[in-house]
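We will go from stop to stop, and at each one you will get something to select.

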Amino acid sequence: MNYKNKLMGLSLIIVAMFSACSDEVENAGRDSGTGDHRITFAVSTQNQPNGTRSAFTSETHELGSVKMEGKLDGKPVYLTAEISDGFPGDNQPLTRGTQVTDVTQVDEFNVSAYVHDQNMTPSITVMNQMKVTKDGSASVWRPEETCYWPTGQTLDFFAWYPCEATGMSIADEFYNGAPKMVYEVPGEVSEQQDIMIANAWNTSVTSTVSLAFKHMLTAVKFKTSDDFPACTIKSITLKGLKYKGSHCVPASGTIRYPFNMDDDTRNFTLNNIDKNITVNTETELTGDGETFFMMPQSFDENTDACLEVLLVMNGVEQTLSAKLKDIMANGSGYSYWVAGTAVTYNISLDQNVELELNKDVFVASGADAVIYVKSNCDWECTLSDPNGITGSAAPALCKPTLKGSTSGVQSDSFDNENAKLTLETIQPTDTETRKGKVKLTFTFPSKPGKTVEKEV
């Protein structure tokens, strides 16, 4: 066979391969529920962040305060972080700098879908960064081109929102079968967007593919307390933040996977705020379209990330600042932002609640468990039912109860007898080991509405 005939034969083989692939996709098995074999989607948004709490809650939790550099009228200024598990349900119109809090705000997204071989390498590409839009008022989203289920195959779907965002791209490479997202947070706050992704692994033919979108960034907002003096807030700057990296959905299907962060840092400033602060009024400093969307990251001794607030008071320009590592500290001694949470930094003249316990593990042995409380306020405490007690006996048999006083005084030590709790435990009737936690909820008479929850 001469070279020309060989080339023609090879061309025919390639055409046959593409024809076979096309036939395999378009002549797929029909779904028994609809009699159709087209791919469509059902979409939801999921706010629960991984690793922050054992169950989703929409409550806001206030963490300890830090004294800021700078004073106002000779008085110290404090910064507190309020953490919301999931983005608040404000249902704002969808703009840049706006949190997506409801699926009705999502009108389109992009999807890639593959058949993977045993090495998690895409062997058939059914959808490649294809736009999907909502089908009118129906709760069904359809790709812009009609796509079909491959016969006898399962598909892996990867979706992201928005379809196009400043600083976001999908690289032509894979990790464990997933496409790689590259993201760089835009320098202008007005250009930052709520990035979400979703996936559906090993999916068989169905009438609609369910996609639960999860937030990949941390929403950051600012406000002043009602004790803040009259002034004008000019600008807010977050300094020294990591702002770019890549992300791939791991093969397990888990979405909330850390960005692979670059070490470069950048400052982000919200200019021209010009918010006039009125005495005795709590004021939101970040309005519509002004939410910072930052990459989740940790702050430790090796980072210089900080917050600066520029204001004018009595005609004098002043700057308040605080290091982010000094607030939101966890038990390991470092601070962090978590994907899918909203962090609201509250600036006030009044030192906010700080509370620590000296004991977080005890044994249900029949003996009393004593917990000393370190707090900057007088407090009152209530105890909820056990959470997740394991063992064959009923949880009620293991339930500890508060014994004696359920209130305490301000204390800066772990040995103040007027700032302690006593939990009476029940000794099991058998030798089986049981583990679980109970929740202590603290309230503060001097700060109505403030609560702190601790698990022991």
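Which side chain meets that of Glu282 in a salt bridge? Select Glu282 and Lys223: their side chains form a salt bridge, at 3.6 Å from N to O. A salt bridge here is a side-chain nitrogen of Lys or Arg within 4 Å of a carboxyl oxygen of Asp or Glu. Glu282 sits in the loop between β17 (275-277) and β18 (283-284), while Lys223 belongs to strand β12 (residues 218-224), so the pair ties together parts that are 59 residues apart in sequence.

Before moving on, please note that this is a predicted model, in which local features need pLDDT of at least 70 and side-chain atom pairs count only at pLDDT 80 or more, whereas totals for chains, interfaces and linings use all residues. Residues are numbered from 1 along each chain as its sequence is written, and side-chain values use heavy atoms, with hydrogens and water left out.

**Around the first pair**

Glu282 is partly exposed at 47% relative accessibility, whereas Lys223 is buried at 9%. Buried means under 20% relative accessible area, exposed over 50%, and partly exposed in between (1.4 Å probe, protein chains only).

The structure holds 14 salt bridges. For another of them, select Lys239 and Glu308, whose side chains meet at 3.2 Å, N to O. This pair links distant parts of the chain, with Lys239 in strand β13 and Glu308 in strand β21 (residues 306-313), 69 residues apart. Strands are DSSP runs of E of at least two residues, and helices are runs of H or I of at least four, numbered from the N terminus. Both partners are partly exposed: Lys239 at 27% and Glu308 at 24%.

Next, select Lys403 and Asp368, a salt bridge with its closest N and O atoms 3.0 Å apart. Lys403 is in strand β28 (residues 401-403) and Asp368 in strand β26 (residues 368-375), 35 residues apart. Lys403 is partly exposed at 38%, as is Asp368 at 39%.

**The end of β13**

Go back to strand β13 (residues 231-242) and select Lys242. How far apart in space are Lys242 and Thr265? They are 4.5 Å apart, C-alpha to C-alpha, and 23 residues apart in sequence. Leaving aside residues up to four places away in sequence, Lys242 touches several others, including Met261, Asp264, Met295 and Gln297; contact means heavy atoms within 4.5 Å. Lys242 is partly exposed, at 28% relative accessible area.

**Into the cores**

In soluble globular proteins, nonpolar side chains tend to be buried together. Select Phe228, Leu238, Trp337 and Tyr345: of the 56 residues in the largest nonpolar core, these touch the most other members. Such a core is a set of buried Ala, Val, Leu, Ile, Met, Phe, Trp, Tyr and Cys residues joined through side-chain atoms within 4.5 Å. β13 gives this core its largest share, five residues. Centre the view on Phe228 and look for its contacts beyond four places in sequence, among them Leu72, Ile277, Leu311 and Ile347. A second, separate core has 26 residues, including Ile39, Ala113, Met127 and Phe213.

**Zoom out**

Finally, show the whole chain as a cartoon: the secondary structure comes to one helix and 32 strands. Of its 456 residues, 44% count as buried.
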